[in-house]
Amino acid sequence: MGDGQRMERRRAVANDRVARYERMVEIRAFEDRVQGLFAQGLVHGTTHTAQGQEAVAVGIAAAARPTDLVTCTYRGHGIGLALGMTPEVILGEIMGREIGCVGGIAGSMHLCDRELGLLPTFAIIGAGIPVAAGAALTAQVRGTDDAAIGVFGDGAANIGAFHEGLNLAAIWNLPVVFICENNQYGEYSRIDLTTPIEDLADRAASYGIPGIIVDGQDPDQTVEAVGAALAVARSGGGPTLLEMKTYRYAGHSRADKAEYRPEGEFERWYERDPINTFRARLESEGLLAAGAAEEIEQKVAARLEAALRAVEESPPATVDAMFGNIYASA
Amino acid sequence: MVRMRMNQAVAAALADEMREDPDVVVFGEDVAVAGGPFKTSDGLLEEFGPSRVRDTPISEMGFLGMAVGAAASGLRPVAEIMFIEFLGVALDMVVTEAGKFHFLSRGAFTCPMTVRASIGAGLGFGCQHSQTMENWMSHAPGLKMVMLSGPQSAYGLLRSAIRDPNPVVVLEPRALYGGRGQVTTGADGILPLGEARRVREGEAVTVVSAGAMVKVALAAAESSDDWSAEVIDLQTLIPWDRDGVVSAVRRTGRLVIVEESPYTSGWGTEIAAHVGARLFGELRAPVLRITCPDVPVPFGRELEQRYMPNPGYVTDQIDQLLATGRTPDPWWVGEGRRA
């Protein structure tokens with residue numbers, strides 16, 4: 001899919017709540033499909049899926065401009081799709097094919113799309129936090145009104161890069177929004193076993209910046225929160241830490257069945273599933289007619305089938321791709 | 001030509017790049033108001049202002065991460081690491097982020113950042129502030145790395161490093177900051193990356209050195225009337241000038257490498273292996289590496305000087321190599337230590 005179509009996907013999410021809903025359905029189906037492909041042994045390596053966190057992804061994509069650079073984690077398929085990347089370039093990357101967004105040499109943890117503002121996603125916990133501050137430094141030095149967004153998980157709130165990045169962004173008043181996707185688990189460990197406070201947003205106080213808790217299961221609230229924080233950043237108000245409370249339905253990576261989860265925890269979160277609740281809201285507002293949700297699911301399923309076919313037809317990553325971009329030439 | 005100290009040459013290179021390119025910014029610990037702990041950024045804040053010249057907190061991981069993000073989004077940041085050891089807490093940003101961005105974006109992003117770090121022994125800073133640590137970066141494709149050997153080298157290589165579209169680590173021997181030399185500034189003073197520089201002609205042996213050891217190798221070469229040594233300043237450690245070094249050694253038939261770092265896994269190991277493999281059968285003597293022993297850098301003045309190769313020791317080692325055609329033992333074997 002060309003640049004124009006990727007931008008069109010981005011605009012749709014930015015402008016239309018039903019399109020946002022459709023993208024959330026796409027993300028869920030995509031992640032389920034990826035898990036299935038791994039289970040069938042059709043892809044090698046590892047993958048980290050983000051079922052349950054769809055509202056965070058569309059919230060970011062809807063509020064940010066493509067010129068606002070985003071740093072994101074290795075659990076990035078959902079945010080990539082939300083930002084406008086197509087299923088085939090992400091699936092292609094996961095499956096190591098030429099059609100992949102990086103030509104198949106990077107894999108599931110490393111997505112990138114410069115036009116859509118996505119820096120290479122980070123497989124080192126917390127690394128993207130100061131990097132986002134650096135992108136914000138460029139906007140500040142050049143005097144543009146772009147901002148940067150640093151997305152990370154709750155596990156990153158205990159690594160030095162989090163503290164150093166927030167401190168630097170605060171003292172330099174940089175136009176950056178830090179978004180913690182608190183999905184309750186850092187790899188295999190529940191957050192209360194690793195972190196002595198309940199709300200990570202509280203940590204913003206140490207750096208003298210606003211720390212705001214957001215319902216990460218509600219796409220209307222995530223869009224609004226990111227939009228408001230970006231507006232503050234653009235107008236010279238400095239950084240904000242948003243803690244989006246959400247939940248990771250899958251294990252940490254493909255090998256993890258998440259058997260450490262307490263009984264009933266998943267079920268409690270699923271009662272507030274972001275897709276189900278958003279669908280009910282759109283239906284009650286009359287934006288989704290009877291049967292419209294099923295049509296969307298069918299449309300998404302067909303799109304993913306087509307994407308999988310395109311990926312299967314694409315050749316494996318080439319030696320040229322492996323050697324091609326080690327050093328940039330002047 | 002202007003006579004200046006190496007730290008002044010560093011500051012001059014930074015200033016000239018900042019004058020020519022508004023995207024060049026400088027940050028690090030104490031680099032702005034204080035002008036740098038080694039006065040390598042003296043005057044920059046006054047000329048370019050607080051937006052482009054910034055003091056950071058003591059947060060190497062944070063500010064090198066910022067350099068990565070700033071570089072990927074269009075600036076040309078130059079970050080200073082006061083002592084190379086402080087890079088240890090931030091190595092991810094250089095090796096695993098900056099060095100991979102171009103690869104991980106299929107060329108869409110570049111990361112034109114420069115990381116300057118002071119290195120080396122000789123000033124009594126003890127073993128946590130006297131290492132060179134170039135091999136932290138030498139196994140990470142995507143990075144470039146240079147080592148300065150004096151004022152002209154500082155001016156010329158730093159300007160190239162800042163202009164380069166890739167992340168470049170610039171290693172600056174601290175003991176050389178105060179040393180003076182004539183410097184050609186401006187475009188004519190710029191030295192290309194990736195090219196070694198012959199600093200002395202000679203026939204009997206090719207001595208490859210870098211950083212503070214260039215002066216040592218030169219002094220050793222000047223001191224002998226029995227043989228003449230060609231001395232090469234490698235300048236760029238990654239990617240090093242394979243063709244230049246191989247063709248030089250092909251002419252003399254002998255290779256001696258002088259390094260200011262422990263014997264095991266030094267940068268010279270790579271040179272020795274490559275040249276040995278390429279010129280097997282053409283060499284008239286085994287490749288000789290003159291290095292420090294595999295110990296932490298000692299503090300006491302006499303021991304610290306003994307730890308590093310000095311001109312007398314280098315001369316003696318080359319004398320033995322030429323007289324016997326065999327690799328001489330390092331000095332510590334005479335002290336009953338393992339080679």
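Me: In this predicted model, how many residue pairs are in polar contact across the interface of chain B and chain A?
Reply: The rule finds 15 such residue pairs across the interface of chain B and chain A, with both residues of each pair at pLDDT 80 or more. On the side of chain B that touches chain A, the elements giving two or more residues are strand E2 (24-28), strand E3 (53-55), helix H3 (60-72), helix H4 (91-97) and helix H5 (101-104) of chain B, and the largest share, 10 residues, comes from H3(B).

Me: Why is the meeting of the side chains of B:Asp23 and A:Arg142 called a salt bridge?
Reply: The N to O distance between the side chains of B:Asp23 and A:Arg142 is 3.0 Å, and a side-chain nitrogen of Arg has to lie within 4 Å of a carboxyl oxygen of Asp, so the pair qualifies as a salt bridge. The count between chain B and chain A is one salt bridge.

Me: What makes up the area that chain B and chain A bury between them?
Reply: About 3,600 Å² is buried between the two chains, and 69% of it is on carbon and sulfur atoms. B:Met66, B:Phe103 and B:Arg106 supply 20% of the area that chain B buries against chain A, more than any other three residues.

Me: Why is A:Val319 called exposed?
Reply: A:Val319 has a relative accessible area of 54%, and exposed means over 50%, so the term applies to A:Val319. This residue, placed in helix H13 (residues 319-324) of chain A, makes a nonpolar surface patch of about 340 Å² together with A:Met322 and A:Phe323.

Definitions and conventions. Residues are numbered from 1 along each chain as its sequence is written. Chains are lettered from A and ligands numbered from 1 in the order in which they are written. This is a predicted model: local features need pLDDT of at least 70, side-chain atom pairs count only at pLDDT 80 or more; totals for chains, interfaces and linings use all residues. Side-chain values use heavy atoms; hydrogens and water are left out. Patches are made of residues with over 30% relative accessible area and no salt bridge: like charges are joined within 9 Å, nonpolar side chains (Val, Leu, Ile, Met, Phe, Trp, Tyr) within 5 Å. Accessible areas come from the Shrake-Rupley method with a 1.4 Å probe; for residues, only the protein chains shown count as cover. Helices (H or I, at least four residues) and strands (E, at least two) are DSSP runs, numbered from the N terminus. Buried means under 20% relative accessible area, exposed over 50%, partly exposed in between (1.4 Å probe, protein chains only). Buried area is the accessible area (1.4 Å probe) that two parts lose on being put together, summed over both. A polar contact is a pair of N or O atoms within 3.5 Å; within protein, one must be able to donate a hydrogen and the other to accept it, and residues adjacent in sequence count only if both atoms are side-chain atoms.
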